[in-house]
Amino acid sequence: MSGTTLDDYTDRYAARIHGMAQSEIRALFAVASRPEVVSLAGGNPDTSALSMPDLSKMFTRLLHEQGPEALLYCPGQGQPRLREEICGVMALSGIDADSGASPDDVVVTAGAQQGLSLLATVFLDPGDIVLAEGPTYVGALGVFQAAQTRVKHVAMDDDGLIPEALEEALADCDRPPKFLYTVPTYQNPTGVTLSDERREQVLDICRRHGLLIVEDDPYGMLSFDGRQPLPLRARDGGGVVYLGTFSKTFAAGLRVGWVLAPPAVRDKLVLASEAQILCPSALTQAAVTRYLTTMPWRQQVKVFSTLYQERRDEMLAGLADVMPSEMTWTRPGGGLFVWAQLPPGLDSKAMLPQALAERVAYVPGTGFYANGSGHGHMRLNFSFPSVERIHAGVRRLAGVIDSAVRLRETFGA
């Protein structure tokens, strides 16, 4: 043996690898998962709200009745029965046959994250431009970074993406963007929702510019007032590729999502998926199909929504009680997250080591921008921690912020 190690091969990495970096959230997991740390950082659903005895019986019956079949390979597009059930799920949100939704145009994926990766494979070349809300989902930024694309952020406010900012972003591009990536409903990380008026404006702008929309909708069913906004895909069947997932409404660990796309795009997505993973897991697809057909899953979504609303209310009340008056935050109508703006002069990334020392975790705002901005913001999750841990976490976080404010006042901005 010559003594060569794997480190000697790093100069052979593909160019796209050199720009890849661990996300702010993944880097936190090792520390935030310690039991003494109150983590407001993740985005997990609270699977303890599921009935484990009932699920155990469901999985047992599944293996007894379909085990040999469920443990084989399956079609690369996904099992036909699950694709039919997915269309039934989308119909509850307004994406039905009248708006062009068909099982034939559904591609089952390993979570919506793989759907994003497939779309990047199909559409994006190095140097291409993608438009995305600023801030935007950190997992999407990772996909776009790996594809060596340029992300141009479009400003948001409490009513979601600003149409005028979208027009300005389009005018400022040196080449036509490949698509607009958006999470219009209970957005990650801000929790805000694109208003109905703006949904129509955004669709009109994209039609006029021939701009494809990629709509990511993991949280739409988790509405706190029962009035889920009509997705963009339900309003325009031709110009929107739709991403969905069961990670937030059932179980993230099963890794089952989907893409609804026009036939030409669908075919390329299937080819790309077969090249990546050959086929999605037959076992987890069978489990989701059985869950949708034999379990009271709609009631379970209501259970999640009621639980998360209670926790959101506790978080908002706690923030109002203990945070400085200079601090502001969003009031989400659904989903999993609050987006907080710190008092002027504070840096959420610089504060994080002290927060972890005080046994509380959050995600700095920098993780949600491709250009490294967002230092004055943080994302707080309320879906997973209990009410008691939310109270403790907010109190600890207030102490960290108070210390940072005092330092700012002592030493200047």
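Mentor: A residue counts as buried under 20% relative accessible area, as exposed over 50%, and as partly exposed in between. The model is a predicted one. With a relative accessible area of 31%, aspartate 157 is therefore partly exposed. Its salt-bridge partner is arginine 198, and the N to O distance between the two side chains is 2.7 Å. Because arginine 198 belongs to helix 8 (residues 196-209) and aspartate 157 to strand 4 (residues 150-157), this pair ties together parts that are 41 residues apart in sequence. Arginine 198 itself has a relative accessible area of 14%, so this residue is buried.

Helix 8 takes part in a further pair. Arginine 208 forms a salt bridge with glutamate 167, and their closest N and O atoms lie 2.7 Å apart. Arginine 208 is in helix 8 and glutamate 167 in helix 7 (residues 163-171), so here too the parts tied together are 41 residues apart in sequence. Glutamate 167 has a relative accessibility of 26% and therefore counts as partly exposed.

Another pair is formed by arginine 266 and aspartate 267, whose side chains meet in a salt bridge at 2.8 Å, N to O. Arginine 266, at 14% relative accessibility, counts as buried, whereas aspartate 267 is partly exposed at 39%. Both residues belong to a salt-bridge network that also includes Asp105. In total, the structure holds 19 salt bridges.

The structure has 1 cavity of 30 Å³ or more. The space in the largest cavity is about 120 Å³. Its lining comprises 15 residues, of which Asp217, Met221, Tyr242, Thr245 and Trp258 are the closest to the centre. Helix 4 (80-91) and strand 8 (240-245) each supply at least two lining residues, and strand 8 gives the most, with 3.

The loop between helix 3 (52-70) and helix 4 holds proline 75, a partly exposed residue with a relative accessible area of 42%. Beyond its neighbours within four places in sequence, proline 75 is in contact with Cys279 and Pro280. Proline 75 and serine 281 are separated by 206 residues in sequence, yet their C-alpha atoms are 9.8 Å apart in space.

Terms used. Residues numbered from 1 in each chain as written. Predicted model: local features only at pLDDT ≥ 70, side-chain atom pairs only at ≥ 80, totals over all residues. Heavy atoms only, no water. 1 Å grid on protein atoms, 1.4 Å probe; cavity = no way out; pocket = protein on both sides within 12 Å on 5 of 7 lines; lining within 4 Å. Points joined across faces, edges and corners; volume = space filled by probe spheres on them. Helix = DSSP H or I, 4+ residues; strand = E, 2+ residues; numbered from the N terminus. Buried < 20%, exposed > 50% of the residue type's maximum accessible area, 1.4 Å probe, protein only. Contact = heavy atoms within 4.5 Å. Salt bridge = Lys/Arg side-chain N within 4 Å of Asp/Glu carboxyl O.
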